[in-house]
Amino acid sequence: MIETLVWIALALGLVGVYLSWTAGRLDRLHSRMDAARAALDAQLVRRASVVLEVATSGVLDPASAIVLYEAAHAARQAEEEHREVAESELSQALRAVFADSGQVDALKAAPGGAEATEELAAAVRRVPMARRFLNDAVRAARALRRHRKVRWFRLAGHAPFPLAFEMDDEPPVDLAERP
C-alpha cells in the first residue's frame, strides 16, 4: 500500500516537473515574442522617421516627397489594428518612389544625401529581418500552445493567442542592394 502511494507520488511529481518545465518554456517563448515585437516596432518607427526626414529634405521631386510623407505619417499615426496596412502602404510608396534608380542617385548626390541614403537603406533592410524574427517566435509559441497538455492545464494562463505581423515589407530593389 505504501509502496503504491510512493509510486503515485513519484509519478505526480514527474508530471508536475514536466508541466512546470513546459510552462517555463512557454513563458520564455512569450518573452521572446514580446522582445521581437518591440524590436519590430522600433524598426518600423525608425524606417518611418528616416522616410519623413528624406521626404522633407527637399531633394525629391514634390510629388514623390508628398507620397512618402503621407505614407510615413500614416504609418506612424496608425492604430494597432490598422498598423499592418499602413506599414504595407509605406513599403509600396517606397517602391513606387525609388523604382527608378535615378531617384536613389539624386538623393545620394544631394548634400548629406549619402548618409540619408545609407540610413534609409539600412532601415528598409532591417524591417523584414525584425518581422521574420517576430513571426518565427509567434510560430513557435503557437505550436506549443496547440498541444493538448498546454490547453488542458491552461499553461498559457490568460495570455492572448499570438498573432503574426503580416505586411508587405519588400524593400525597393535599388535601396536594398546598397552596401
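Contact here means heavy atoms within 4.5 Å. The model is predicted.

Q: Which residues of helix 1 and helix 2 meet?
A: A48, S49, V51, L52 and A55 of helix 1 are in contact with A65, L68, Y69, A72, H73 and R76 of helix 2. Sorted by class, this contact has eight nonpolar, two polar and one charged residues.

Q: Why are helix 1 and helix 2 called roughly antiparallel?
A: Helix 1 (residues 2-55) and helix 2 (residues 62-77) pack at about 150 degrees, their axes 9 Å apart. Angles over 145 degrees count as roughly antiparallel, and helix 1 and helix 2 are therefore put in that class. Their crossing is left-handed.

Q: What makes the pair D168 and R95 a salt bridge?
A: The cut-off is a side-chain nitrogen of Lys or Arg within 4 Å of a carboxyl oxygen of Asp or Glu. In D168 and R95 the closest N and O atoms are 2.5 Å apart, so the pair qualifies.

Q: Why does D168 count as partly exposed?
A: Buried means under 20% relative accessible area and exposed over 50%. D168 has 22%, so D168 falls in between. R95, at 25%, is likewise partly exposed.

Q: How many residues separate E87 and R83 in helix 3?
A: They are four residues apart in helix 3 (residues 83-97), which means a separation of about one helical turn.

Definitions and conventions: Residues are numbered from 1 along each chain as its sequence is written. This is a predicted model: local features need pLDDT of at least 70, side-chain atom pairs count only at pLDDT 80 or more; totals for chains, interfaces and linings use all residues. Side-chain values use heavy atoms; hydrogens and water are left out. Axes are lines fitted to C-alpha atoms, for helices over the stretch in contact, and angles run from 0 to 180 degrees between N-to-C directions. Helices (H or I, at least four residues) and strands (E, at least two) are DSSP runs, numbered from the N terminus. Angles under 35 degrees count as roughly parallel, over 145 as roughly antiparallel, 65 to 115 as roughly perpendicular and the rest as oblique. A crossing is left-handed if the near helix is turned anticlockwise from the far one by less than a right angle, and right-handed if clockwise. Ala, Val, Leu, Ile, Met, Phe, Trp, Tyr, Cys and Pro count as nonpolar, Asp, Glu, Lys and Arg as charged, and the others, Gly among them, as polar. Buried means under 20% relative accessible area, exposed over 50%, partly exposed in between (1.4 Å probe, protein chains only).
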